[in-house]
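Please look through the sequence and the model below before reading on. The briefing that follows takes up the overall build, the cores, the helix packing and some local backbone features.

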Amino acid sequence: MKQSMTLIPTLRENPADAEIRSHQLLLRAGYVRQNASGVYSYLPMAKRVLHNIEKIVREELDNIGAVELLMPALQPAELWQESGRWYTYGAELMRMKDRHEREFALGPTHEEVITSLVRDEVKSYKRLPLALYQIQTKFRDEKRPRFGVLRGREFIMKDGYSFHNSQESLDEMYDKFYEAYSNIFRRANLNFRAVIADSGAMGGKDTHEFMVLSDVGEDTIAYSDTSDYAANIEMAPVITKYEKKAEAQKALEKIKTENQKTIEDVSAYLNVTAAECIKTLLFKVDEEYALVLVRGDHEVNDIKLKNLLEAENVELAEADVTKSVLGCAVGSIGPIGIKNIKIVADHAITSIVNGVCGANEEDFHYVNVNPGKDFTVNQYADLRFIEEGDLSPDGQGIIKFAKGIEVGHIFKLGTRYSEAMDATILDENGRSKPMIMGCYGIGVSRVMAAIAEQYNDEKGFVWPANIAPYHIHLIAVNMKNEEQASLSEELYRSMKKAGYEVLLDDRIERPGVKFADADLIGLPIRITVGKKASEGIVELKDRKTGEMEEVHINDLQSIISAKISL
Ligand code: ATP
Ligand code: MG
């Protein structure tokens, strides 16, 4: 491709609103442009990177016998009503109406569409297993679109779904996808780890997320310092056994705590530790409320809460809701005297003797609070986030944290969708039963951002050769010089003929501009045709090492082939 004919709008400065390196560089190097919050155009360079990633994805999935199809982004509401998710998916689902007032959603994922499709076409166990995938634009009205294409509201996903006659068949397919994903992310040159993830209240139990280790990751991975245990902190169980403090229970007392709102305020004011305070939070759980208690030094894990209560949606109640339900501010909530609201507590609460909690009244707290005596807990469970220093859930070593970008997710769905949507088959004995399903996602545009985040230096991108938009950046220093222009054209043609992807900078620009742009765009090899063109000598620069050498055009081919394997 000739640079004069494509669109690579590089910028000299870092865009002010881009916080992380990959986002800055994707904008600066002319790869993407924002159209609205979380909505991007992929310019020609990015399109080629995406193409390379998709090629790897397709090869590995085709290898395990999955087949590609393409489903519509526009999905009728009826399908989502059948699965029930129309009512529970929440604000992330982009909903719309057509001219006849019929409701639709722009697909954030395709379980409903694929289940209805396979339900209508596959009736016998003999057609299973079946694994189908697509690469397509997804829509999610994210609360916080951020970091450019890393978390968009419109993004490209590879989503795959498998259908089975038995659990064993699903297990087998799951393992194949696990292997294929490992191959994909390895070939994408990512430093990643497969971690145990949250399986939700419904569906099968196995699920893994593929996490790229990165400081800008929004997920936290809890891993053991001794074993190979690694899990998303969303689901890592806490196995600590709590001992009740050896101390005589005292009589409950209500104390004035003027203007003391947070756990820090209250514990300092009353001269107790945070671990002696009962943190009480009101959660909206689907259409009901629940009071959740954790120790003052712990954090409620809303995923564990959601799973415990088998809810579709849990969220912290807003201040005005808390006021109307409990009659007090968020900082004053406590479990004493609460009626008609379920109280669930983390196991650590059992260790509290003579603790502190809110009194459901502004500026007052209770002291000498004893669970069981002063209030009743409906259910104790593991409800807190694991912390660094906790025991590893596999019993080996202690937990440490690392940040990760979730690039892929595999999940045993079980019969969650086939039952709700009546997708059944006749088995070997002629009996009707729901198909067993798995689902498998990769954030293709997020993978691009993750690679961009990992492969750059102070001057720009340093793409791995199999991901780079082109292999070679051929720079004609002075296109007005006939010898340089004709040698550039000649090399352009011969290198393309040899199978390399070449970007020829044929623009009439100062050399400094061309070199800076080349570093920014980040192709693995730069070849500069300059003053020595008449002698058949060019300059070759390795983008990664920065090494430059003069090379005779007769030796060019062998040097390039040593650096780039096609
Ligand atoms: P996250 O926790 O990051 O919101 P998710 O659990 O909602 O991800 P899935 O529903 O499992 O994601 O979607 C499959 C894959 O799609 C994810 O592993 C991720 O790589 C990608 N993905 C999800 N949401 C986005 C987004 N807003 N922008 C870009 N990629 C995304
Ligand atoms: Mg999400």
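**Overview**

Of the 566 residues in the chain, 52% are buried, where buried stands for a relative accessible area under 20%, exposed for over 50% and partly exposed for the range in between, with a 1.4 Å probe and protein chains only. The model is predicted, so local features need a pLDDT of at least 70 and side-chain atom pairs count only at pLDDT 80 or more, while totals for chains, interfaces and linings use all residues. Residues are numbered from 1 along each chain as its sequence is written, chains are lettered from A and ligands numbered from 1 in the order in which they are written, and side-chain values use heavy atoms, with hydrogens and water left out.

**Overall build**

- The secondary structure comes to 14 helices and 31 strands, taken as DSSP runs numbered from the N terminus, with H or I over at least four residues for helices and E over at least two for strands.
- The C-alpha trace of the chain spans about 95 × 65 × 55 Å along its principal axes.
- Among contacts with a separation of 6 or more, 69% are between residues 24 or more positions apart, a contact being heavy atoms within 4.5 Å.
- The domain assignment gives domain 1 (14-206 + 405-452), domain 2 (253-381) and domain 3 (472-563), with bounds that come from an automatic or database assignment.
- The C-alpha centres of domain 1 and domain 3 are 40 Å apart.

**Nonpolar cores**

- The largest nonpolar core has 63 residues, of which Y31 and F177 touch the most other members; such a core is a set of buried Ala, Val, Leu, Ile, Met, Phe, Trp, Tyr and Cys residues joined through side-chain atoms within 4.5 Å.
- Because domain 1 (14-206 + 405-452) and domain 3 (472-563) both give residues to this core, it lies between them.
- Leaving out residues up to four places away in sequence, Y31 touches L26, S41, Y42, L43, M45, A46 and V49, together with F461, W463, P469 and I521.
- A second, separate core of 26 residues includes W86, V122, Y161 and F411.

**Packing around helix α11**

- Ten of the eleven residues of α11 are buried, so this helix is largely enclosed by the rest of the structure; the buried residues are V444, S445, R446, V447, M448, A449, A450, I451, A452 and E453.
- The axes of helix α2 (residues 44-63) and helix α11 (residues 444-454) come within 10 Å and cross at roughly 110 degrees, with axes being lines fitted to C-alpha atoms, for helices over the stretch in contact, and angles running from 0 to 180 degrees between N-to-C directions.
- The residues of the contact of α2 with α11 divide into eight nonpolar, one polar and one charged, where Ala, Val, Leu, Ile, Met, Phe, Trp, Tyr, Cys and Pro count as nonpolar, Asp, Glu, Lys and Arg as charged, and the others, Gly among them, as polar.
- Helix α1 (residues 21-28) packs with α11 at an angle of about 100 degrees, their axes being 8 Å apart, which makes α1 roughly perpendicular to α11.
- R21, S22 and L26 of α1 and M448, A449, A452 and E453 of α11 make this contact, which by class has four nonpolar, one polar and two charged residues.

- Helix α5 (residues 111-121) has eight of its eleven residues buried, so it is largely enclosed by the rest of the structure; the buried residues are E111, E112, V113, I114, T115, S116, V118 and R119.
- L128 and P129 are joined by a cis peptide bond with omega of about 0 degrees, and P129 is placed in the loop between α5 and β7 (130-139).

**Single residues of note**

- Most residues other than glycine have a negative phi, and most peptide bonds are trans.
- D363, in the loop between β18 (355-358) and β19 (364-369), has a positive phi near 70 degrees.
- N368 lies in strand β19 and has a positive phi near 55 degrees; N368 is buried, with a relative accessible area of 13%.
- D505 lies in strand β28 (residues 502-505) and is buried, with a relative accessible area of 0%.
- Apart from its neighbours within four places in sequence, D505 is in contact with Q3, H473, L474, I475, A476 and K514.

Technical notes: Parallel < 35°, antiparallel > 145°, perpendicular 65-115°, else oblique.
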